Amino acid sequence: MMLSVIVGLGYLLFAPLVGGLLDGMGRVVSARMQGRKGPSVLQPFWDLQKLMKKELVTVSRMQLIMIGSYTLFVILSGTLFFSGNDIMMCFFSLTTADMFLVVAASCTGSPFSTMGANRELIQMASYEPMLLLTGVGFYLADGTFRVSTIGTHEGLPAIVMLPGFFIGVVVILVIKLRKSPFDISTSHHAHQEMVKGTTTELSGPTLACYTIADWYEQVMLMGIIGIFFANNRWWSVVVALVCIVLVYLFEVLIDNTCARVKWQVMFKVAWGVTLVAAGTNLLLLQMIR
């Protein structure tokens, strides 16, 4: 229990730092892939500092409340995850956070934000089944929903029993990390037909708050990748960290080589992978048990 508390506190304190460095690393790698020098790895922190210094301007008070609630629930989700609690509770809390983001975008009256909110709901309908099935897969493989037990169990790592679920999680990460080809509701680049979608009306400290929440969420998502490779052996942590970096670089590669698709294609791909990869893996687990 003491270790769970320490890890949870570590997430609260250091997740923004790790998330910002991941963001900066992603920018540098993207620039190298495009033949550019690119910004410094620390550029996201400088951008955040500039946002925090700007005047607080919001469309409505409701937007402030919703963005604040979104940030709190993202942090709560990650804290529950890294302190070793029920993985399904972590997923439900993260879904609640996304609902607050949808309401925050909808309450502005902006056509761009409203369109982004509608697309965010479509994205949620695309990736939520895969997330929920992943929790079920961990339960069937390890007999528990507790992250602390899943990540420290004896025997082979979960990836051996759950390869289909891992493939599905990697696919929906493209949606959760808001990278092409599935960055239909908003993205880290203003290259969409609806400007910035759900974040169009966010500026200054409000946008900084959203950015911090995004970094917290990125670290939690990478943690989900990590528990596929973790067990009770100390070196499994090293293996998990290496696999996290490789998966993140793979997501950056996809972002730089794929053009954004329509929501219908995203929905079909996400559900197709969920049904084929995760569904087949689930049936095999049932047969083994």
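Student: How do you know where P181 has its place in the protein chain?

Tutor: P181 is in the loop between α8 (163–176) and α9 (204–227), where helices are DSSP runs of H or I with at least four residues, strands are runs of E with at least two, and both are numbered from the N terminus. This is a predicted model in which local features need pLDDT of at least 70 and side-chain atom pairs count only at pLDDT 80 or more, whereas totals for chains, interfaces and linings use all residues. Residues are numbered from 1 along each chain as its sequence is written, and side-chain values use heavy atoms, with hydrogens and water left out.

Student: What makes the peptide bond from S180 to P181 worth a remark?

Tutor: That bond is cis, with omega near 10°. R178, found in the loop between α8 and α9 as well, has a phi near 60°, a positive value in a residue other than glycine. Most residues other than glycine have a negative phi, and most peptide bonds are trans.

Student: Why is R178 called buried?

Tutor: Buried means under 20% relative accessible area, exposed over 50%, and partly exposed in between, with a 1.4 Å probe and protein chains only. The relative accessible area of R178 is 5%, so R178 counts as buried.

Student: And is L42 called buried, exposed or partly exposed, and why?

Tutor: L42 has a relative accessibility of 40%, and therefore counts as partly exposed. L42 lies in the loop between α1 (2–33) and α2 (43–53), and its C-alpha atom is separated by 39 Å from that of T144, 102 residues apart along the chain.

Student: What makes the protein chain as compact as a globular protein of its length?

Tutor: The chain has eleven helices and zero strands. Its radius of gyration is 19 Å, close to the 19 Å that the globule rule gives for 289 residues, so the chain is as compact as a globular protein of that length. The radius is taken over C-alpha atoms, and the rule is 2.2 Å times the number of residues to the power 0.38. Buried residues make up 51% of the 289 residues.

Student: What has I225 to do with the largest nonpolar core?

Tutor: A nonpolar core is a set of buried Ala, Val, Leu, Ile, Met, Phe, Trp, Tyr and Cys residues joined through side-chain atoms within 4.5 Å. The largest one has 69 residues, and I225 and F228 are those with the most contacts inside it. Leaving aside neighbours within four places in sequence, I225 is in contact (heavy atoms within 4.5 Å) with F166, V169, V170, L173, I244 and V247.
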